[in-house]
Amino acid sequence: MAFSNLLQIIALAALSTIKAAPTSQEAVCSDGTRVSNSICCDFIPLAQDLTETLFENQCGETAHEVLRLSFHDAIAISQSLGPSAGGGADGSMLIFPDVEPNFAANLGISDSVNDLAPFLASGKFPTITAGDMIQFGAAVAVGLCPGAPQLEFRAGRPNATAPAVDGLIPEPQNTVDEILARFQDAANLNSEDIVSLLVSHTVARADHVDPTLDAAPFDSTPFTFDSQFFLETLLTGVGFPGTPNNTGEVSSPLPLTVGDNVGELRLQSDFELARDSRTACFWQSMINQEALMAARFKAAMAKMAVIGHNPADLIDCSAVVPKPVPALNKPATFPATKSFADVQQACPSPFPSLTTDRAPRETEIPHCPDNEATCTS
Ligand code: HEM
Ligand SMILES: [Ca+2]
């Protein structure tokens, strides 16, 4: 090697070591967590407070609702309408609680706004903005669901200065064309991003689609972050858990409602995305692939959580996101009485081979987490 080349390499190596050191503001929080910036430490007591007081250590109703809120805050932005239409993940829902939560597409979202508002107002977390509170809250919430990944988290979203306009939240009666266009217009999110974000419907129940039902689950395991949602949305619909003819609802494969145990409810949008040629193969590829599912969800959530911001302006505080609860590591199965014969396969790739849960009749979906007989929600 020529001497001048060698000198160049040494000079380059020296430059890169010099560059790394002064920009680093690494700190160690009082509990020993190493973070990229001491600001991150402020989120550690918030995580503990949310986990214990708000979520009560469960992947239950309040955790699900805060996850949904993180989406509804972030997606309210539009490249075609311009900056005045909304600021994305800016906490506008919390700062203007009387505006966006009243839009029809946000029905029910005020529960999560009312849940988080006291934490913001408490004075205990003065450095934490509304947008940070929502996205961090979702990361803490999802970590309580067995099988979920540890999400990334960046801090420093400036507070919203105005609420978003109506019409930016996707609705279950929207066509696939409309849904693809909305995510594209919001933040250039593509069909794989959308399917990856919809993993969240594995821990979700509807309170408002059928007004006669509370907590109608989207899959048979609404407290577990598994791939049952992707399997069950492909099964032939046979009935409704409550009343028929609701906007945005189609028949589900497990409609059996017994007392508080509400049968599965299927959104029209989930039904269509599971079968549309643009999304069906990626949808099917999630079934029984929990590691892929968790990784794709994590990547898509990282994109969603910074909509409206330049990620470089935010501080990587991923180290303060609590470690998720352990996965159950249970393979995907056909719910009792169902089999491959019930699958409306829309992707030509081979369908995964799965066993069927053994039980004499249709699966009843428990209303409460952890097999508790009663629960508050
Ligand atoms: C095509 C896009 C989407 C549509 C049309 C849609 C629609 C809905 C609807 C209608 C509900 C039921 C609300 C109720 O009646 O209480 C719901 C619940 C939920 N959604 Fe979505 N959603 C979409 C995407 C997402 C995304 C991207 C996320 C998160 C990243 C998300 C998270 C949730 C969660 C966690 C719930 C359950 C809330 C609870 O159990 O209280 N959704 N969604
Ligand atoms: Ca589930």
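Analyst: Happy to. An unreviewed UniProt entry annotates residues 62-321 as "domain: Plant heme peroxidase family profile"; UniProt positions follow the numbering used here, feature names are shortened, and annotations may be inferred rather than shown by experiment. This is a predicted model, where local features need pLDDT of at least 70 and side-chain atom pairs pLDDT 80 or more, while totals for chains, interfaces and linings use all residues. Residues are numbered from 1 along each chain as its sequence is written, chains are lettered from A and ligands numbered from 1 in the order written, and side-chain values use heavy atoms, without hydrogens and water.

User: Which protein residue is the donor to the iron atom of ligand 1?

Analyst: Donors are N, O and S atoms within 2.8 Å of the metal (3.2 Å for Na, K and Ca), and sites may look incomplete because water is not among the atoms. The iron atom has a single protein donor, an NE2 atom 2.1 Å away. That residue is in the loop between α8 (191-197) and β4, helices (H or I, at least four residues) and strands (E, at least two) being DSSP runs numbered from the N terminus. The donor is H201.

User: Which element gives the largest share of the shell around ligand 1?

Analyst: The shell has 25 residues, each with a heavy atom within 4 Å of the ligand. Five residues, the largest share, come from α3.

User: What is the sequence spacing of the donor residues of the calcium ion (ligand 2)?

Analyst: The protein donors, 2.2 to 2.9 Å from the ion, include atoms of T202, D219, T221, T224 and D226. T202 and D219 link distant parts of the chain, 17 residues apart. The spacing is T-x16-D-x1-T-x2-T-x1-D.
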